[in-house]
Amino acid sequence: MAAKFAELKKHFYRRLKYRLIRPKPPALSEPFSGPVVVVGSAPVSHKPADFDETFRVITINGSQVVTKAWGVEAPDVALVQFNQIEGTNTNAIEVRRVLNGERAKMLYILLWRDGRKRLEDGLKAFNYRYDNLEIVDRYRRMALLDRVGGMQCSELGADDKCSNGINAVLFALYNGATAVIITGINPDSGGHVYNQENLTRLHIGKDREILLRLIERGYPIFTADPAVSQSLGLPLWEGKARARQISEGSAKTARTDSKPANVFNPSFG
């Protein structure tokens, strides 16, 4: 009973604070103007069809090991959870190992609370470099789901919040992506591409719920992973031409539907 009361109290506190501070989601100084690939750390991922220099790339934690194999020296955006900087659990140690000596153009550290100097020192400790660095607190992360997905979440536990892979999808949409192609993000999988520990993946139910919600709202979300397409019903990314056909078909359907829809008409270059 006491635990339930404490959780309820935390929920009301966060909702009140969110309303009072009216946080804005993290925003790039120059918005995206084309397709964005969001690369997660699930064991199976695929380079999207037609992938070239017109695509922007977002990585999450240690998934940069995947994009480096594609020839991408530095992701345009990297989202890294605070615990990866100094954490002593297996996942944090492995993330630092694969990121050692790497670089990101725009680096967002999520939920860091120990001051910028300690963060910069922590990044230096495993030689991770960046062109720009920004700390994103809980309320700015909550604002992403609110502004893009139309859902409010107090982030009370793993079952009540989405993974940072899904946060990256929301970030890409908020910052103007004409299409978002996910790979290495599979709510049905466990483990990580950068280690053999087969660690349990959290946020499975919420990730699935939010992805389906975004599709229902007409956002241009694709997956490069056939298994994910089959499991979730996300359209499989088969190149720019095919994506354009899907987008035009969705727009035509929306025009003949009596219900309002949030349908994008993206340019794929």
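In this predicted model, Arg-118 forms a salt bridge with Glu-86, with the closest N and O atoms 2.8 Å apart; a salt bridge here is a side-chain nitrogen of Lys or Arg within 4 Å of a carboxyl oxygen of Asp or Glu. Arg-118 belongs to helix H5 (residues 116–125) and Glu-86 to helix H3 (residues 83–86), so the pair ties together parts that are 32 residues apart in sequence. Helices (H or I, at least four residues) and strands (E, at least two) are DSSP runs, numbered from the N terminus. Arg-118 counts as partly exposed because its relative accessibility is 42%, and Glu-86 counts as partly exposed at 35%.

As for how the model is to be read, residues are numbered from 1 along each chain as its sequence is written, and side-chain values use heavy atoms, with hydrogens and water left out. Because the model is predicted, local features need pLDDT of at least 70 and side-chain atom pairs count only at pLDDT 80 or more, while totals for chains, interfaces and linings use all residues.

The structure holds ten salt bridges. Among them, the side chains of Asp-131 and Arg-103 meet at 2.9 Å, N to O. This pair links distant parts of the chain, with Asp-131 in strand S5 (residues 129–136) and Arg-103 in strand S4 (residues 103–110), 28 residues apart. Asp-131 is partly exposed, with a relative accessible area of 46%, and Arg-103 is also partly exposed, at 27%.

Helix H5 also holds a pair of its own. Lys-117 forms a salt bridge with Asp-121, the closest N and O atoms lying 2.7 Å apart. Both residues lie in helix H5, four residues apart, or about one turn of the helix. Lys-117 counts as exposed, at 56% relative accessibility, whereas Asp-121 is partly exposed at 33%.

Turning from charges to nonpolar side chains, Leu-16, Leu-20 and Ile-21 make a surface patch of about 320 Å². Patches are made of residues with over 30% relative accessible area and no salt bridge, with like charges joined within 9 Å and nonpolar side chains (Val, Leu, Ile, Met, Phe, Trp, Tyr) within 5 Å. The accessible areas come from the Shrake-Rupley method with a 1.4 Å probe, and for residues only the protein chains shown count as cover. Leu-20 is found in helix H1 (residues 2–21) and counts as exposed because its relative accessibility is 65%.

Definitions and conventions. Buried < 20%, exposed > 50% of the residue type's maximum accessible area, 1.4 Å probe, protein only.
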